[in-house]
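Try each task before you read its solution.

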Amino acid sequence: MAIKKQYLKSKPVCKVTFSIEAEEAKKVSVVGSFNEWNAKKAPLKKLKNGTFKGTIDLDKDSSYEFKYLVDGEYVNDAAADSYAWSDFAGADNSVVTV
């Protein structure tokens with residue numbers, strides 16, 4: 001699991017690349033407060049090495065809660081900036097701050 005941040009000089013935006021190793025998985029998405037927790041809005045692409053990867057533009061100076069959806073199961077990112085308790089999920093969510 002990894003999160004890579006690339007800040008743009010021209011816009012108040014950060015390109016955030018999410019990646020997770022899930023060799024056996026068929027479908028992986030990143031869902032969160034940035035896409036209304038909708039798996040269809042941020043599917044990740046499977047690479048030859050079994051890692052799923054995708055990049056999302058996020059507004060700077062904000063924090064976003066998220067999880068990976070791996071074949072229907074929610075997974076936190078071990079490389080998250082922090083974690084936040086969600087009463088709705090009854091579990092922690094990963095947090096990325098840009």
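Two strands pair if DSSP finds at least two bridges between them. Keep in mind that this model is predicted.

**Exercise 1.** Find the bridge partner of glutamate 65 in β9.

*Solution.* β6 (63–70) pairs with β9 (residues 91–97) in the antiparallel sense, over 4 bridges. Now go to glutamate 65. Its bridge partner in β9 is valine 95.

**Exercise 2.** Which residue stands opposite valine 95 when β8 pairs with β9?

*Solution.* Locate β8 at residues 82–86. β8 and β9 pair in the antiparallel sense over 5 bridges. Serine 82 stands opposite valine 95. Next, look at the turn. The β8 and β9 hairpin has 4 residues between its strands. Glycine 90 in that turn has a positive phi of about 70 degrees.

**Exercise 3.** Is glutamate 23 buried or exposed?

*Solution.* Then apply the cut-off: exposed means over 50% relative accessible area. Glutamate 23 has 57% relative accessibility, so it counts as exposed. Last, check its contacts. Beyond neighbours within four places in sequence, glutamate 23 is in contact with Lys46, Asn49 and Gly50.

**Exercise 4.** Which elements give two or more residues to the largest nonpolar core?

*Solution.* The core has 20 residues. Phe18 is among those that touch the most other members. Outside four places in sequence, phenylalanine 18 touches residues including Val30, Phe34, Tyr68 and Val96. The elements asked for are β2, β3, β5 (51–59) and β6.

Terms used. Residues numbered from 1 in each chain as written. Predicted model: local features only at pLDDT ≥ 70, side-chain atom pairs only at ≥ 80, totals over all residues. Heavy atoms only, no water. Buried < 20%, exposed > 50% of the residue type's maximum accessible area, 1.4 Å probe, protein only. Contact = heavy atoms within 4.5 Å. Core = buried A, V, L, I, M, F, W, Y, C linked by side-chain atoms within 4.5 Å.
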